[in-house]
Each structure stands twice: as C-alpha cells, then as structure tokens.
Amino acid sequence: MRKKTETTQTTNMTEGSPVRLIIAFAIPLMIGNLFQHVYHLVDTMIAGRFLGSEAIAAIGAVGVIYSLLVNCTWGLNNGYCIILSRFFGAGEKKLFQKAAAAMITLNLTIALLLTAVFLLFLKPAMYLLKTPDDIFAQAHLYIVIIIAGLITTVLYDAGSGYLRAVGNGTTPLYFLIFSSLLNLFLDAIFVVVLKMGIGGTALATVIAQVVSALLCGIYIFRNYRAYLPSRQDFRLHKDILKEMFFTGLSMALMESVVSMGSVILQRAINRLGTALITAYTTSCRIREVIMIPLGAIAGAGSTFIGQNYGAGEYRRIVEGNRKMLYMEFLWSLVSIALTFLLARPIILWITVTSDETILSGALLNLWASTLCFFPLGVLFVLRNTMQAMGHKILPVVSSAIELAVKIISAVLIVPAFGYPGVVAAEPVTWCLCAVFLSIFYQAVGHQKQDKSATELPG
C-alpha cells in the first residue's frame with residue numbers, strides 16, 4: 001500500500017527524518033492556508049473599500065456562526081483522517097477502504113443535518129448574539145448564503161483529509177490556490193462590477209467551494225481508484241464506523257467547544273459598538289494569517305503521528321513532537337517581530353479608515369495575541385498528537401476550559417473592563433490549556449513510550 005513503486009502519490013512517514021517529513025508536509029498546508037486567509041483579508045478589504053466599514057462589522061458579527069459550523073465539520077474530517085492515516089500506516093488497505101466509506105456516509109448525513117438546523121435557528125441565534133440593528137440585514141443575508149453552501153465545504157474537507165491521510169498534501173494545495181484566486185475574481189465581479197453587495201461576497205465564496213470540492217473529488221477518482229471503497233465497503237463495519245464517529249466527534253467537539261466560546265464572546269463584543277467589532281474582526285483576520293505556520297506544523301504532525309502510531313513507532317512520535325515544539329517556538333518569535341513592525345500599516349491598508357478606535361483596538365488585540373503564540377503552538381501540537389494517539393477526552397476537556405474562560409470573560413470581564421477584557425480572553429485560555437495538556441501528555445507519554453499496544457485509553 002505504501003511502496004514507492006506505485007504511481008499514486010503517497011508518503012510513508014514511518015521512515016526518515018521527522019523534521020524533514022513534517023516540514024515537507026507542512027509547507028503545502030501552510031501555503032494553502034495562506035492563500036485561504038489572504039483571500040479573507042482581501043475579501044474584508046473589498047468589503048471595507050466598496051461597501052463601508054459596516055460591511056466588515058456585519059461579516060464579523062456573524063462570522064463566529066460560520067466558524068462554529070466550519071470548525072465542527074473540519075474537526076470531524078480531521079478525526080476521520082486520523083483513522084485513515086492509522087490504517088494507511090499499518091498497511092491495512094481493506095480497512096482503509098471501509099473507513100473511507102464510513103467517512104463519506106457520515107459527512108453527507110451530518111452536513112445536511114447541520115445545514116437544516118442552522119438555517120432554522122439562524123435568526124434567533126443572531127438576536128442572541130446581540131447583532132446591532134444597523135448591520136442585521138447585511139449580516140443575515142451573508143450568513144444565510146454561506147450556510148446554504150456548507151455541504152461543499154464538507155466535501156472539500158473530506159477529499160483533502162483523504163489525501164492527507166495517504167501523505168499527499170500537495171494536490172489539495174493546488175485546488176485551494178485555484179479556488180482562492182477564483183474567489184477573489186468572483187468577489188471583484190459580484191461586488192465591484194455587478195454591485196451585489198455583501199451577498200456577492202458570500203456567493204463568491206460558495207461558488208469557489210463548489211469548484212474546489214469537484215476538483216478534489218475528480219482527482220481522487222482518477223488517481224486513487226485502488227484506494228477507493230467499493231459498493232461492499234458501504235455495508236458499514238460496525239467497529240470502524242463507531243471508531244470513525246467517536247474520533248470525529250471528539251475532534252469536532254474540541255473545535256466546536258472553542259467556537260461556542262467565541263460565539264459567547266462575540267455576543268459581548270457586539271455590545272461594544274460597530275467600531276470595536278470592526279477592530280476585532282480586522283485584527284482576527286490578520287492574526288489568522290500569522291497563525292498559519294503554527295497550525296500547519298501541528299496539522300502535518302497529526303498525519304505523522306497517526307501513521308507512526310499505526311505502525312507502533314512510539315519513539316518517533318516523541319522525537320517528532322519535540323521537533324514540532326522547537327519549530328512552533330521559532331515561528332512565535334518571528335510573529336512577534338512581524339506584528340510589532342508591520343501591524344499598523346496592514347490595518348490601515350485593509351480598513352482604509354482614520355478612526356483611531358478601530359486602529360488602536362486592532363493593534364491591541366494583535367500585540368496581545370502574538371505575545372502568547374508559543375503557548376498556542378504547544379496547544380496545537382498536543383491536541384493533534386493526543387487525538388492521533390487515540391485520546392478522545394483530554395483534548396475536549398482542554399477545549400471546555402477554553403469555553404469556561406470565554407464565558408467568564410463575556411459575563412464578567414468584558415462588562416467590567418470593556419474591550420481590554422475581550423483582548424485578554426483568548427491569550428489567557430491558550431496559556432491555561434497548554435499547561436493542562438502538557439501535564440497530562442507527560443503522564444500518558446511516559447506510559448506509552450515503551451509499550452507496543454495499539455490503543456491509548458480515552
């Protein structure tokens with residue numbers, strides 16, 4: 001299944017330098033995420049330049065709803081990818097195919113269910129978020145279109161996860177780059193030329209997602225037929241379906257709990273007025289770009305850990321984690337320097353504003369965040385590692401800690417201290433969760449390092 005003589009592009013991560021393998025796999029993830037987030041930055045800039053700062057605030061006010069959905073489905077597919085990578089690392093082709101069938105079935109079912117539920121309860125959720133009246137209509141139009149196209153996002157995530165599980169991180173990158181460029185082109189057409197307003201930005205996003213999902217599906221069908229599930233594989237294996245579901249659910253809960261905390265925090269932010277919503281939204285867009293290497297290193301590590309866990313190479317897991325943490329630390333230092341040198345001109349370029357409330361608010365959030373990037377990198381690495389090694393509970397508990405801190409911030413800290421309370425919420429949670437997972441990882445890591453069992457207790 002993993003021989004280099006095969007024409008299908010795969011990567012065996014159970015042999016060779018962990019640093020080389022992780023970096024080689026992280027670079028495509030990094031470039032792909034960079035294109036995706038640069039698109040979001042330019043999308044925000046187009047909205048600000050041609051639709052006004054209210055459009056940025058409208059996107060930001062409901063962006064947490066979309067993030068909740070996307071992070072949930074992305075978490076599910078990351079969980080499915082972990083199981084696929086384990087079977088791939090162990091050389092179990094038939095089990096790999098059965099797991100792929102389970103992934104397709106679960107994705108389609110959950111995507112349709114989430115779309116229906118979120119569309120049904122969208123307006124009550126927006127009222128609960130205290131979405132300002134002056135941007136409510138724009139925000140509602142934007143998020144309705146985005147949610148309606150959720151299934152295309154899920155299908156791309158599934159295809160991308162499938163390819164990552166077999167060590168092909170390059171091809172999804174090409175599709176993501178193409179769809180991001182298409183997205184920008186459609187944004188310009190719909191917003192600037194056709195004057196479709198904020199609905200045009202949402203429609204451009206959905207169309208680009210459709211294209212990326214189709215390209216990914218066609219590529220897999222043409223190049224990985226030997227790995228695709230047959231009709232018999234859709235007679236789902238109970239144990240595999242259960243393992244796929246609960247591993248995906250664990251990852252989804254981890255991501256969703258974090259997003260739920262952001263939803264609650266956004267409610268507090270929405271009470272602070274349009275200017276500070278714009279400041280927070282803009283700074284988060286920039287922060288997401290700077291965070292890309294942190295997430296890409298940890299994401300590449302999850303495939304590395306999954307394959308080596310399936311092959312029983314526990315010492316390589318320990319070595320790989322150590323090297324990932326070194327890389328996360330180095331990028332944290334670079335991020336701090338970049339933010340303090342370039343943040344202000346970038347904020348001005350995106351928002352095209354002279355409002356000092358927006359400028360100072362965005363700068364404060366960026367500076368506070370990057371100073372705590374190393375704990376965030378530790379958190380990313382340990383969450384992915386523990387999930388890949390079969391832990392389903394502890395990463396979710398760390399997310400619950402994050403949720404608790406954000407609830408406390410929204411209910412007590414923000415009303416008392418205003419925007420500085422918002423700024424402090426996420427860095428504090430990163431530090432607490434990193435400490436929590438570090439303690440437990442040390443305990444379970446030493447237990448497992450010299451053992452040959454194939455599963456860790458959840």
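Visitor: Which side chain joins that of Gln209 in a polar contact of 3.0 Å?

Guide: Keep in mind that we're looking at a predicted model. Start in helix 8, residues 198–223, where Gln209 is found. Leaving aside neighbours within four places in sequence, Gln209 is in contact with Tyr66, Gly149, Thr152 and Thr153. The side chain that makes the 3.0 Å polar contact with Gln209 belongs to Thr153.

Visitor: Does Gln209 count as buried or exposed?

Guide: Buried means under 20% relative accessible area. Gln209 has a relative accessibility of 13%, so it counts as buried.

Visitor: Which backbone oxygen does the side chain of Thr131 reach?

Guide: Look in the loop between helix 4 (122–128) and helix 5 (133–148), where you'll find Thr131. Not counting residues up to four places away in sequence, Thr131 touches Ala61, Met126, Phe136, Ala139 and Asn270. At 3.0 Å, the side chain of Thr131 reaches the backbone oxygen of Met126.

Visitor: What is the phi of Lys195?

Guide: Most residues other than glycine have a negative phi. Lys195 is not a glycine, yet its phi is positive. You'll find Lys195 in the loop between helix 7 (170–193) and helix 8. Its phi is about 55°.

Visitor: And does Lys195 count as buried or exposed?

Guide: To count as exposed, a residue needs over 50% relative accessible area. Lys195 has 62% relative accessibility, so it counts as exposed.

Visitor: How do helix 2 and helix 11 lie, oblique or roughly parallel?

Guide: Two packed helices are described by the angle between their axes and the distance between the axes. For helix 2 (residues 53–90) and helix 11 (residues 292–310), the axes come within 7 Å and cross at roughly 50°. That angle makes helix 2, relative to helix 11, oblique.

Visitor: How many charged residues are in the contact of helix 2 with helix 11?

Guide: On the helix 2 side are Ser85, Arg86, Phe88, Gly89 and Ala90, which meet Gly306, Gln307, Tyr309 and Gly310 in helix 11. By class, the contact of helix 2 with helix 11 has three nonpolar and five polar residues, and the number of charged ones is one.

Visitor: Is the crossing of helix 12 and helix 14 left-handed or right-handed?

Guide: Trace the two sides of the contact first. Helix 12 and helix 14 cross in a way that is right-handed.

Visitor: How many nonpolar residues does the contact of helix 12 with helix 14 have?

Guide: Helix 12 brings Asn321, Met324, Leu325, Glu328, Phe329, Ser332 and Ser335, while helix 14 brings Phe373, Phe374, Gly377, Val378, Phe380, Val381 and Thr385. In the contact of helix 12 with helix 14, five residues are polar and one is charged, and the nonpolar ones number eight.

Visitor: How do helix 10 and helix 13 lie to each other, oblique or roughly perpendicular?

Guide: The axes of helix 10 (residues 274–290) and helix 13 (residues 356–370) are 8 Å apart, at an angle of about 40°. Their crossing is right-handed. Helix 10 and helix 13 are therefore oblique.

Visitor: How far from Arg287 is Ser399, C-alpha to C-alpha?

Guide: Ser399 is found in helix 15 (residues 394–417). At 0% relative accessibility, Ser399 counts as buried. Along the chain, Ser399 and Arg287 are 112 residues apart, and their C-alpha atoms are separated by 20 Å.

Visitor: Last one: is Gln97 buried or exposed?

Guide: Gln97 lies in helix 3 (residues 93–120). Leaving aside neighbours within four places in sequence, its contacts are Ala226, Tyr227, Leu228, Pro229 and Asp233. Gln97 has a relative accessible area of 11%, so it is buried.

Terms used. Residues are numbered from 1 along each chain as its sequence is written. This is a predicted model: local features need pLDDT of at least 70, side-chain atom pairs count only at pLDDT 80 or more; totals for chains, interfaces and linings use all residues. Side-chain values use heavy atoms; hydrogens and water are left out. Helices (H or I, at least four residues) and strands (E, at least two) are DSSP runs, numbered from the N terminus. A polar contact is a pair of N or O atoms within 3.5 Å; within protein, one must be able to donate a hydrogen and the other to accept it, and residues adjacent in sequence count only if both atoms are side-chain atoms. Contact means heavy atoms within 4.5 Å. Buried means under 20% relative accessible area, exposed over 50%, partly exposed in between (1.4 Å probe, protein chains only). Axes are lines fitted to C-alpha atoms, for helices over the stretch in contact, and angles run from 0 to 180 degrees between N-to-C directions. Angles under 35 degrees count as roughly parallel, over 145 as roughly antiparallel, 65 to 115 as roughly perpendicular and the rest as oblique. Ala, Val, Leu, Ile, Met, Phe, Trp, Tyr, Cys and Pro count as nonpolar, Asp, Glu, Lys and Arg as charged, and the others, Gly among them, as polar. A crossing is left-handed if the near helix is turned anticlockwise from the far one by less than a right angle, and right-handed if clockwise.
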